[in-house]
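Reader: I would like to go through this structure and ask what stands behind each term.

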Amino acid sequence: MNLTLKIWRQKNNSDKGGFKEYKVSDISKDMSFLEMLDVLNEQLTEKGEDPVHFDHDCREGICGMCSLYINGNPHGPLQTTTCQLHMRSFNDGETITIEPWRAKAFPVMKDLVVDRSAFDRIIQAGGYVSVNTGGVPDANEIPIPKTIADLAMDAAQCIGCGACVAACKNASAMLFTSAKVSQLALLPQGQVERKRRAEKMVAQMDEEGFGACTNTGACEAQCPKGISITNIARMNREYFSAVVSNTELV
Amino acid sequence: MINPKIPDGPLDKKWEWYIAKARLINPANRRKYKAIVVGTGLAGSAISASLAELGFQCEVFTYHESPRRAHSVAAQGGINAAKGYKNDGDSVWRMFYDTLKGGDFRSREANVFRMAECSMALIDQAVAQGVPFAREYGGYLSNRSFGGVQVSRTFYARGQTGQQLLQGAYQALMRQVALKQVQLNTSHEMMDLILENGKAKGIIARNLETGELSIHHADTVILATGGYGKIYYLSTLAMNCNGSAIWRAHRKGAYFAAPSWTQFHPTSLPQLGNHQSKLTLMSESLRNDGRIWVPQKAHDTRAPHEIPEDERDYYLERKYPSYGNLAPRDISSRAAKEQIDAGKGVGPMKNAVYLDFQTSIQRDGKETIQKRYGNLFDMYEKITGVNAYTSPMLISPSAHFSMGGLWVDYELQSSIPGLFVLGEANFADHGANRLGANSLLQACVDGYFIAPHTIMNYLAGEQPKQQVPNDFGQEELKLTEERIGRLMKIQGNKTAEQFHRELGGILTNKCGLAREKSVMKEGLQAIKDLQQEFYKYLKIPGSTKQLNMELEKAARVEDYLELAQLIFHDALQREESCGAHFRVEHQTPGGEAKRDDLNFQFVSAWEYAEGNFKLHKEDLHFEFIQPQERTYA
């Protein structure tokens, strides 16, 4: 395959940035999208040009590191991570436009690399069970209905890639935040801090500058892990009940 | 002879008594001590959170943008624990024996027993953190079986067990960050270790976003930086996995143990083309229901469904009837290589074997198989475009796990006082071959349950440093700057990636699944030549004062080129076969690994000596069990 790539280049956070066009040839259909970019980068490096910086690591769809807004879709045309996207999803001669995630809370660091530390701070605000190492009951002491454990696992599958934010016209982080709130609200281990957690995580999400949710469902449609927007509904319930009852907040 | 400091006493009391006698630090005094932790995978996050909970100050470094990206995240199948929930005869002792035997009797009894012993508490800990392990309809935890054992002791969270455990550890870490007990430095790579009077006291870190180098001081340094299997280039590891932190520590005096013991995972996807950057792993759990086979006839070009049953060779079931498709990884990988080398490989590059689910689908129905492995089948289809419900998967062995790593004693302390090494980065529990689902376990147990005690014991003998001398780390800082400058100045015409690819090719062909003296000697020479080329023709674009992924890669490849030489030295020195280390010259008549307990019942711990490596031996004493020929027939 021969392709034209229209790629966002930006030197650093304060640079204005812009698109630049590149040609790549002899691309095999079995190559992954990132391997195709590797080919481009090898060409650029050999010529002494700065290669296109993009985030990636495990290349098996689980670390959540890879991103890229490809032809207007986060992670490209399929509902998967960019590292699991293969060139057979594209046509010979096609022009592919590649941009970074676009969101105020995800500043561009260089080219296609963005800073997603806002997600870490949302987790810091309460996305955990406050348990120290040691002194916990036997794992089988509290039976958990399989349906509940499965629902919690569905939510826990989030890889924190940020595609939900990139897909949303408001750059909302509701899907990400609600996945963690749901996982822990569903499990008995998360009950004690349930209200406090919902309230604190939502507050942090707002503070980071993510937008509001208007229920378009774009996040769910683009989530590579199929996280459902029912989690958002659950988080809303959690949040409102926390605000209304407000018993344990200090 | 080096001393692993194994405590006296009966096997099942050693750890208990160690904890009972370990020195403590008063809670009020703990805040005066500071630990540096490098790496935020399971071991790194667990030790950081645990030390912080105890009241120590922690400064944590990761080259990732977030701790949650660490490669523990990619472990799929599960984590072992001797809970004995299944009434199938499991116990700590059985797990200890399985692990020791799985490692071909090349690990320490006391360490392995401790890992099995602590496995139970770890499952409790993870559940308490909210890790959603798989459950039965009655609400109790579910188990499955993994290679090299005859019980079901593996706990799992679908095919994402590593991800779920890492989230548990990451969340525990982030809680401590919020409490300001942990200072987290993301996008920072350790460039060098700083010693003071022979003790590990700090590191040089490079901020990957700005290129800035900085000096960090602490009372102890903990490396939890994972494995270096990526040295083989095509591997199941993440692109950024590297051996640099432990290699830099090795250059500063930490012994490197069994560097050549790398596990090849039998069920990874085969290489499909020359631009491939990694090989994707398919969980070993698939072998619970999948049957592995090749055509009986070499160079058979028929499609799999056209080959009748009696013309297929289910070679694992044939050779190892009592373990069948769940034979341990080293044995399964080697058996696959044997078939492929005999011309029976399948797939477009004839480099794979079949993993077939037809029997299970007929027996249990498609729906059941879908429930068990749905996400893995989906992943397979995404990558290959093939539906594995109707046509068998193609699988092939691939470099995966480093049993080798920095040598540590029973306290997980390296040969440099004050330098602790945890998880895959150390050599400790897996001997010459790791059993499936023991890697998550070891990382967790090291971080949550072992190191907090041994590190406190160490720190109790140290005076916390109040004032850091002005010249602390200045020398190392200068050397690191010079090193980066040297790499940048070469300005040749070859990328670091190209060097890495060549290096991986040499290692895979000359020191991979099968090893032979004359071939390895060629390999070692080839690496030395490649290293010379590296310093002549390396090309790094851009500058040092910005995000520069080519520079990061080049520095790691530079270290890999040195480590590769040690790998060859180690494999050449060990004139026996054991576990994953298969010397063609040393095999049983049946083609299995042939150990030489008389001459090689020791751990090789190598000391760095400027281009030469000096061997130290740690003899392995078996007090409680008798090493036997390892058979799975």
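Author: Across the interface of domain 1 and domain 2 of chain A, the rule finds zero salt bridges. This is a predicted model, in which local features need pLDDT of at least 70 and side-chain atom pairs count only at pLDDT 80 or more, while totals for chains, interfaces and linings use all residues. Residues are numbered from 1 along each chain as its sequence is written, and side-chain values use heavy atoms, without hydrogens and water.

Reader: What makes a salt bridge under that rule?

Author: A side-chain nitrogen of Lys or Arg has to be within 4 Å of a carboxyl oxygen of Asp or Glu. Between domain 1 and domain 2 of chain A the count is zero.

Reader: Where do the two domains of chain A lie?

Author: Domain 1 is 3–110 and domain 2 is 117–244; such bounds come from an automatic or database domain assignment.

Reader: How do you know that domain 1 and domain 2 of chain A are in contact?

Author: Contact means heavy atoms within 4.5 Å, and 17 residues from domain 1 and 21 residues from domain 2 of chain A take part. The two domains bury about 1,400 Å² between them, 59% of it on carbon and sulfur atoms. Buried area is the accessible area (1.4 Å probe) lost on putting two parts together, summed over both.

Reader: What makes a lining residue of the largest pocket charged, and how many are there?

Author: Asp, Glu, Lys and Arg count as charged, Ala, Val, Leu, Ile, Met, Phe, Trp, Tyr, Cys and Pro as nonpolar, and the others, Gly among them, as polar. By that rule the lining has 14 charged, 16 nonpolar and 15 polar residues.

Note on methods. Chains lettered and ligands numbered in written order.
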